[in-house]
Amino acid sequence: MVLKFSHFLFEKETGCPIETHDLVKNLENRQTAIEKFGYGPANPDDNVADNDMFWQAKAKMWKCSVENVKTMKCGNCAAFNISDQARDCIAKGMDEHEKDSRGVINLADLGYCEILHFKCAGDRTCDAWLVGGPLDNKDLK
């Protein structure tokens, strides 16, 4: 059973978005984000040569400079949920597979995308980027 709660859909049994503990569903939604909404780049490290084409395409789409579009990342998107509740759900979903889930969450700057419904990395971006984020504890009160 799926219910509306706070800012995201969650499963009644866990109290968390399905994608935070169902790896297959999370990967399906992430693949949709890649294919239909330009989620990326695959490796957000600035030293990766292929990233130039990715950022140039985003700049063309947004009709702005590459420098400007590189500031429009998931980590500052209004749909990027990094509240304690969201990150607790991500950690719970990872705990059976990963001993140091909090370390992984922090290292990857993971949050939950409220629009595309998957665990999202803060250094990436997508076509659905919204100004004003991220969502955090103060936004959920």
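Colleague: How many helices and strands does the secondary structure of the protein chain come to?

Modeller: Helices (H or I, at least four residues) and strands (E, at least two) are DSSP runs, numbered from the N terminus. Here the protein chain has 5 helices and 5 strands. This is a predicted model, where local features need pLDDT of at least 70 and side-chain atom pairs count only at pLDDT 80 or more, while totals for chains, interfaces and linings use all residues. Residues are numbered from 1 along each chain as its sequence is written, and side-chain values use heavy atoms, with hydrogens and water left out.

Colleague: What pattern does the protein chain follow along the sequence?

Modeller: The pattern reads β-β-α-α-α-β-α-α-β-β.

Colleague: How should I read burial, and what share of the residues count as buried?

Modeller: Buried means under 20% relative accessible area, exposed over 50%, and partly exposed in between, with a 1.4 Å probe and protein chains only. Of the 141 residues in the protein chain, 38% count as buried. Accessible areas come from the Shrake-Rupley method with a 1.4 Å probe; for residues, only the protein chains shown count as cover. The protein chain exposes about 8200 Å², and carbon and sulfur atoms supply 54% of that area.

Colleague: Which percentage describes contacts that join residues at least 24 apart?

Modeller: A contact means heavy atoms within 4.5 Å. Taking contacts between residues at least 6 apart in sequence, 61% join residues at least 24 apart.

Colleague: How do strands β4 and β5 run, parallel or antiparallel?

Modeller: Two strands pair if DSSP finds at least two bridges between them. Strand β4 (residues 110–113) and strand β5 (residues 118–121) run antiparallel and are joined by 4 bridges. Leu110 has Ala121 in β5 as its bridge partner. The hairpin has 4 residues between the strands, and His117 takes a positive phi near 60 degrees there.

Colleague: Where is His117, and is that residue buried or partly exposed?

Modeller: His117 sits in the loop between β4 and β5. With 23% relative accessibility, His117 counts as partly exposed. Asp109 also has a positive phi, of about 50 degrees, although it is not a glycine. Asp109 is placed in the loop between α5 (101–108) and β4, and is partly exposed at a relative accessible area of 28%.

Colleague: Which peptide bonds are cis?

Modeller: One of them runs from Gly40 to Pro41, with omega near 0 degrees. Pro41 lies in the loop between α1 (23–37) and α2 (51–62). The bond from Gly133 to Pro134 is also cis, with omega near 5 degrees, and Pro134 is in the segment after β5.
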